[in-house]
Amino acid sequence: MARPIVVGVDGSTPSVHAASWAGQEAALRGAPLRLVHAALRWAHDVPLAPQPLSWGAGAEAAAQEMLHQAAVHAQAGRPHLEVATEIVDGGAPEALVIAAEGAQLLVVGNRGRGGFAELLLGSVSRYVTARASCPVAVVRQPHAGERGEIVVGVIGQPGEEPVLDFAFREAALRRATLRAVHAWRHPATRAPGDIQPLVYDVKGVGEEEAHLLAEVLAGWREKFPDVTLIEHVVHEHAAKALIEASADADLVVIGAHGGARAPLGLGAIAHAVLHHSHVPVITVRH
């Protein structure tokens, strides 16, 4: 049996969009869909600080109705989709990370009910993207019509094979064109201690970067011969290039890595793309 796709549900409009998008994704993959709502249900014999709001029959019924409505959106046009709903104990960020263990994908809205309108990415979305063991999709809002293109960011460094594998498989599932975006701003250093030149031939360096991208993708072309691939090299900041490319795509796939200076475990590029992409973004851990 296929591993499930897990969706975080909190009743917000973004989470409804996430459930609907995840239903389409589950149908494409032939996977079951699991809708999860996290709640702090206080057991009187277990001391918690701070204590959550009281949980009674009314709160239980409201949560179940919330999940039911999300399931209706997920199954719209997909009556044979297998959907399960569940209320799990705990705060939403940690509970969703635990619920996604063993899943093939975790899907969340870009911000929840407690988010401020000016905050494009909520705390739950940031947390699960940085810490979930599976790829995470952050859904902002649906867009009208399928464009038939997926964008994947390619760095050209070791460790991004899982990102490319996911992107090619997704393009094959959707029968979509895959646009591999490789952005550069300065000549790459070849060894520790190399100094970037103050003046360089933009055209010549661009040709080198294009050759690098072609080398990275050569084996993937052979592995997925039915996927139409566009190699896109641009002299631009990587985040800006990916955000611009997202305007004409259905999905953006990027890598994410941790680090002591990365915001909540995300690299700066992933953080910016998650904030400003025009379409859903799937992050795949390096």
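Biologist: Why is Val284 called buried?

Modeller: This is a predicted model, and in it Val284 has a relative accessibility of 6%. Buried means under 20%, so Val284 counts as buried.

Biologist: Nice and clear! Which residues is Val284 in contact with, leaving aside its neighbours within four places in sequence?

Modeller: Val284 sits in strand 10, residues 281–285. Its contacts beyond those neighbours are Pro135, Pro162, Val163, Phe166, Val253, Ile254, Gly255 and Ala256. Here, contact means heavy atoms within 4.5 Å.

Biologist: Phe166 is in helix 5, I see. What makes helix 1 roughly perpendicular to helix 5?

Modeller: Helix 1 (residues 13–29) and helix 5 (residues 161–174) pack at about 85 degrees, and their axes are 10 Å apart. Angles of 65 to 115 degrees count as roughly perpendicular, so helix 1 is roughly perpendicular to helix 5.

Biologist: And which residues meet there?

Modeller: From helix 1 come Trp21, Gln24, Glu25, Leu28 and Arg29, while helix 5 brings Phe166, Glu170, Leu173 and Arg174. Sorted by class, this contact has four nonpolar, one polar and four charged residues.

Biologist: One last stop, helix 7. Which of its residues are buried, and what covers them?

Modeller: In helix 7 (residues 238–246), the buried residues are Ala239, Ala241, Leu242, Ile243, Ala245 and Ser246. Their cover includes strand 6 (149–153), strand 7 (177–184), strand 8 (229–235), strand 9 (251–256) and helix 8 (268–276).

Note on methods
Residues numbered from 1 in each chain as written. Predicted model: local features only at pLDDT ≥ 70, side-chain atom pairs only at ≥ 80, totals over all residues. Heavy atoms only, no water. Axes fitted to C-alpha atoms, helices over the stretch in contact; angles between N-to-C directions. Helix = DSSP H or I, 4+ residues; strand = E, 2+ residues; numbered from the N terminus. Parallel < 35°, antiparallel > 145°, perpendicular 65-115°, else oblique. Nonpolar A, V, L, I, M, F, W, Y, C, P; charged D, E, K, R; others polar. Buried < 20%, exposed > 50% of the residue type's maximum accessible area, 1.4 Å probe, protein only.
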